[in-house]
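Biologist: I would like to learn how to read a helical model feature by feature. Please give me the general idea each time, then the case at hand.

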Amino acid sequence: MIKKTEWFEPWVFIFFGIFHLHRIWGLIDRKAYADFWLGVMESRGMFYYLLMSVMAILCVCGIVTFLKNLRSNFRWRWIYIFCGGYVLFDLFAIVTGLEFWHKLILKMFDINATYWNILWVFFIVLGAFSFGLGVHLLRSRCGKNIREKIK
C-alpha cells in the first residue's frame with residue numbers, strides 16, 4: 001500500500017502550530033494572556049465554541065486518517081493518536097467542567113507560578129515543531145503534485 005498525505009494534514013499541523021506559537025504572548029504579558037484565555041473559557045462565547053469545534057474536528061480527522069491507514073502510516077501520524085487523543089480529552093474535560101481539570105487549568109494560568117515560563121516555553125516549542133512539520137508536509141505535497149503534473 002502506498003503512503004499518501006491527505007490534503008488536510010499539513011493544515012492540521014500548521015493550525016496547531018500557530019495556536020501554540022501564539023503563547024509567546026504569555027511570556028511577554030502574563031496577566032493579559034491569562035486574563036484573555038480564562039475569560040474565553042469562562043464566558044464560552046462564539047470564539048470559544050468555534051475554536052473548540054475546529055480543534056475537535058481536526059483531531060477526529062487525524063485519528064480517522066491514522067486508523068484508515070493502519071498498515072501504511074507515516075511515523076508522524078502517531079501524533080494524531082497521542083496528541084489528538086489528549087486534545088479531545090482536554091476539550092471534553094473543559095466542556096463538561098471536570099473539577100480536577102478546571103483546577104489544573106487555573107494552576108496553568110497562575111501568573112505568579114515559578115513554572116510559568118517552563119510550561120509556556122514547552123508549548124511554544126511544541127508549536128514550532130508542529131508548524132514546521134505542517135510546512136514540511138505542505139511543501140512535500142505541493143512538490144509531489146507539481147512533479148505529477150509535469151509527467
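Biologist: Is W7 buried or exposed?

Modeller: Start with the scale: buried means under 20% relative accessible area, exposed over 50%, and partly exposed in between, with a 1.4 Å probe and protein chains only. W7 has a relative accessible area of 59%, so W7 is exposed. F8 has 12%, so F8 is buried. Bear in mind that this is a predicted model: local features need pLDDT of at least 70, side-chain atom pairs count only at pLDDT 80 or more, and totals for chains, interfaces and linings use all residues. Residues are numbered from 1 along each chain as its sequence is written, and side-chain values use heavy atoms, with hydrogens and water left out.

Biologist: How many aromatic pairs are there?

Modeller: First the rule. Rings of Phe, Tyr and Trp (its six-membered ring) pair if their centres lie within 6.5 Å; planes under 30 degrees apart are stacked, over 60 edge-to-face, the rest tilted. That rule gives 25 aromatic pairs. W7 and F8 have ring centres 5.8 Å apart and planes at 80°, so they pair edge-to-face. F100 and W101 have centres 5.8 Å apart and planes at 85°, so this pair is edge-to-face. F100 is exposed at 51% relative accessibility, whereas W101 is buried at 10%.

Biologist: Which residues form the aromatic cluster?

Modeller: The cluster includes F19, W25, Y33, F36, W37 and F47. F109, W116, W120, F122 and F123 also belong to it.

Biologist: What is W37 in contact with, beyond its neighbours within four places in sequence?

Modeller: Contact means heavy atoms within 4.5 Å. W37 touches F19, H22, W25, F47, L51 and F109.

Biologist: Which residues touch the most other members of the largest nonpolar core?

Modeller: A nonpolar core is a set of buried Ala, Val, Leu, Ile, Met, Phe, Trp, Tyr and Cys residues joined through side-chain atoms within 4.5 Å. Here the largest one has 34 residues, and W37 and F109 touch the most other members. At least two core residues come from each of α1 (9–21), α3 (30–43), α4 (46–68), α5 (78–96), α6 (99–108) and α7. The top contributor is α4, with eight residues.

Biologist: How many helices and strands does the chain have?

Modeller: Helices (H or I, at least four residues) and strands (E, at least two) are DSSP runs, numbered from the N terminus. This chain has seven helices and zero strands. Buried residues make up 37% of its 151 residues. Of the contacts between residues at least 6 apart in sequence, 71% join residues at least 24 apart.

Biologist: Which residues form the nonpolar patch on the surface?

Modeller: Patch residues have over 30% relative accessible area and no salt bridge; like charges are joined within 9 Å, nonpolar side chains (Val, Leu, Ile, Met, Phe, Trp, Tyr) within 5 Å. A salt bridge puts a side-chain nitrogen of Lys or Arg within 4 Å of a carboxyl oxygen of Asp or Glu. Here the patch is I24, L27, I28, V121 and V125, with about 440 Å² of accessible area together. Areas come from the Shrake-Rupley method with a 1.4 Å probe; for residues, only the protein chains shown count as cover. The largest share, three residues, comes from α2. I28 lies in that helix, α2, and counts as exposed at 70% relative accessibility.

Biologist: What is the phi of R44?

Modeller: Most residues other than glycine have a negative phi. R44 has a positive phi of about 50° although it is not a glycine. R44 sits in the loop between α3 and α4, and is partly exposed at 28%.
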